Amino acid sequence: MDALLLARLQFAITAMFHFLFVPLTLGISIIVAVMETLYVKTGNVQYLKMTKFWGKLFLINFALGVVTGITLEFQFGTNWAEYARYVGDIFGAPLAIEASVAFFLESTFMGIWIFGWKRISKKAHAVAVWMVAAGTSLSALWILTANAWMQHPVGYVINNGRAELVDFAAVALSGYAWSKFLHTVLGGYLVGAFFVMGVSAYHILKNNFLDFFKKSFRIAAAFALMSCLAEVAVGDWHAREVARTQPTKFAAMETIWETRQGAPIYIFAIPDEATERNTMEILPVPNMLSILAEHDPHATVQGLKDFPVSERPPVTLTFVSFRLMVGLTTLFILLSVSGYVFSRKETLEKKTWFLKIMVFSMPLPYLACQLGWLVAEVGRQPWIVYGLMKTSDAVSKNITAGQAAASLAGFAIFYGLLAVADIYLLVKFSKNGPAEEMGHSMPSGRTIPL
C-alpha cells in the first residue's frame, strides 16, 4: 500500500473510532440533564440517584473519548499537509472556535458539575449539567461545520493558489452544515437513548431496582421517540441538501445510473459498477426519488453516467451503507414507539421478549452512526473538498509509506487498548447497577437467560 492509501486508512480508523464515543456523550448528557432537572423540580430523591448512576457512565465515556479526538487534528499537519496548506485558513476557523469556546464551556461546567455537589444550589448544579450538554452539542456543531465545508465549500475565493475565507457567515450558516449537524446529533441522541434503554432492560429482566430502571427506561424511550421523529424530518432536509450540492453522492446513494425525470426508488437493487447498471431492480416506488430530491414528483435526478468515472464515489459501498442506515432508522422508530407505549401502560416488565430485544439492540445505533459516516465520507470521494481539491492532491508530499504504516500500527494498538478499557468499564459499572447510589447491595433478582 502507498502512503496515500495508508493515510486515508489511518484517518478513517481514527475518525470512526472517535465516533464511537461522541454519540453516546451527546445523547446521555441530555438524558442526565433531564433526570437532574426532574429531581430539582419534584424533589424526588430517586431522580438524583438516577442522575448520579447514569452520570457516572457518561463521565467514563467522555474521559476516554476526549483522548481519541485530539489525534485527528494532528493528522492534518502530519499526513495531510497539502490539504492544510490549501484550505487551512477556512477549515481551521471552526476548529479553533470549537477548541476555544465549545470545549472550554464543556470542560469548565463539567468540573463544576463533578465537584459542585453540595457546594452550589440544586438549581445551579442542574444548570451546570445543561451547560455541559450544550457545550457537547456546540462542539459537534463547529466540527461538523468544518466537515460540511469540505462537503459543500462556500464563502471562499482562490488567491495565490490557496482557498481564502471571505464570508464566514456563509460557512457558519450553510444549510448543508446545519442539516448535517442536526442529522448527526440526533443520531447521537438515539445512541444515548438506546444505551439507557438497553441497560435498563437488562436490569428489569434481572428484577434489579425495578422502579429505578423502569423510570430510566421511560425517560429514555420518550427521548428516543422524539429523536426518531425529528431524525426523519431532518434526514429528509439533509437528503435534499445532498441532492442539490453533491449530485454524484446522491446518485450513488440510490444507484441511479441514467438521468431521469420522475425517478423511482427501488426497494431492492443490486448495483454493478463494472457494467454501470443495476443487475436487479425490484419493487419500484414511482417518482419517490424525485420527491426525495426536490419534493417534486416530476423533478429530474442526475445519473452517475453524467459524470466521468474518475469523479464518481465507490457506488456499492455508498449505496449499501445508506440503505442499511435507513433500514436501522426504521427499526429504531418501531422499537422507540413500542418502548414508550409499554412504559406508559406499565406493561414493560411483562414484555420479556421486548426487553431482550432492547438489550441486544444497544450496538445498532452505533452501527447506524458509522454507516452514516461512511455515506458522508465515501460518497464524497474522490474529493477531499467537493469539486475543489481531490484527496490524492491533499496528502503530505514528504510522508513515506513506512512512516504512515508505523503511525497507523501505533494508533491501532493504542485505540484497541482504549476500546477494551471503555467497554470493560461501561459493562462493569452498568452491570453493577446503582447499588452505591441506592446505599445498599444489589437485590438477588431473577435469573433470566439472555
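## Salt bridges and model

A salt bridge is a side-chain nitrogen of Lys or Arg within 4 Å of a carboxyl oxygen of Asp or Glu. By this criterion, the whole structure contains 13 salt bridges.

The structure is a predicted model, in which local features need pLDDT of at least 70 and side-chain atom pairs count only at pLDDT 80 or more, while totals for chains, interfaces and linings use all residues. Residues are numbered from 1 along each chain as its sequence is written, and side-chain values use heavy atoms, with hydrogens and water left out.

Lys 214, Arg 218, Glu 346 and Glu 349 are linked in a network of salt bridges. Lys 214 pairs with Glu 349 at 3.8 Å, N to O. Helices here are DSSP runs (H or I, at least four residues), numbered from the N terminus.

In the salt bridge of Arg 218 with Glu 346, the closest N and O atoms are 2.8 Å apart. Arg 218 lies in helix 7 and Glu 346 in the loop between helix 10 and helix 11, so the pair ties together parts that are 128 residues apart in sequence.

## Pair within helix 7

Glu 241 and Arg 244 form a salt bridge of 2.7 Å, N to O. They are three residues apart in helix 7, about one helical turn. Glu 241 is buried, at 9% relative accessibility, and Arg 244 is exposed, at 53%. Buried means under 20% relative accessible area and exposed over 50%, with a 1.4 Å probe and protein chains only.

Terms used:
Helix = DSSP H or I, 4+ residues; strand = E, 2+ residues; numbered from the N terminus.
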